[in-house]
Each structure stands twice: as structure tokens, then as C-alpha cells.
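Hi everyone, thanks for making time this morning. I'd like to walk you through one model, and please do stop me if something needs another look.

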Amino acid sequence: MPRDRAGPAAAEVFAGLPPALPDDDSLRESVRAMRAEDGLLLGVLDDDPTGSQAVHDVQAVTVLEEDAYRAALAGAAR
């Protein structure tokens with residue numbers, strides 16, 4: 001974006017987002033059921049590994065070794 005043009009205000013951006021979903025057990029269970037049904041694995045690349053402290057019950061790979069990723073992606077994941 002050119003420096004002489006300001007981007008949209010944060011309030012404008014957030015106003016266009018859908019409402020947040022409730023963080024409850026039924027939502028988590030529905031996501032687990034969809035994953036089990038289609039066999040897909042969700043992977044997230046995060047350039048700030050301290051973010052893994054904010055989640056629970058997930059596998060975090062914190063090394064840059066191909067074998068570690070291969071093992072994490074091949075196993076059963078939650």
C-alpha cells in the first residue's frame with residue numbers, strides 16, 4: 001500500500017469478520033469428528049514457538065529436522 005494512503009481502521013476490519021464461535025467442548029468435538037471423517041491433519045507453522053504455550057493437548061515440533069516433522073505427521077494426532 002502506498003505510504004500516502006492509510007489502510008482501513010482496525011474497527012472496520014474487525015466489523016467485517018463473522019462473530020467468534022463459542023469455545024466449548026461440543027465445538028472441539030465437532031472439529032475432531034470432521035478430522036476423523038476426512039482423515040485430514042491440520043498443521044500450523046508458527047515463527048514464534050512461544051505460542052505453543054497458549055494451546056494444550058497438541059503436539060509441537062520445535063526443531064528444524066525433517067525426521068521430526070515426518071514422525072509428527074505420520075502418527076496419530078489430536
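Predicted model: local features only at pLDDT ≥ 70, side-chain atom pairs only at ≥ 80, totals over all residues.

**Confidence first**

The mean pLDDT of the protein is 78, and 82% of its residues reach 70 or more. Among the elements, helix H1, residues 10–15, has the highest mean pLDDT at 89, while H2 has the lowest, at 84.

How much of the protein is buried? Buried residues make up 1% of its 78 residues. The protein exposes about 7,300 Å², and carbon and sulfur atoms supply 58% of that area.

Let's look at H2 next. This helix covers residues 25–38, which is 14 residues. From its first C-alpha to its last it reaches 20 Å, close to the 20 Å expected at 1.5 Å a residue.

My last stop is on the surface. Which residues form the nonpolar patch there? They are Leu41, Leu64, Tyr69 and Leu73, and together they have about 430 Å² of accessible area. Tyr69 sits in helix H3, residues 66–74. Is Tyr69 buried, partly exposed or exposed? Its relative accessibility is 30%, so Tyr69 counts as partly exposed; the partly exposed class lies between under 20% for buried and over 50% for exposed.

That's my tour, and I'm happy to take questions.

How values were computed
Residues numbered from 1 in each chain as written. Heavy atoms only, no water. Buried < 20%, exposed > 50% of the residue type's maximum accessible area, 1.4 Å probe, protein only. Areas by Shrake-Rupley, 256 points an atom, 1.4 Å probe, with all protein chains shown as cover. Helix = DSSP H or I, 4+ residues; strand = E, 2+ residues; numbered from the N terminus. Expected span 1.5 Å × (residues − 1). pLDDT = per-residue confidence, 0-100. Patch = residues over 30% accessible without salt bridge, like charges linked within 9 Å, V, L, I, M, F, W, Y side chains within 5 Å. Salt bridge = Lys/Arg side-chain N within 4 Å of Asp/Glu carboxyl O.
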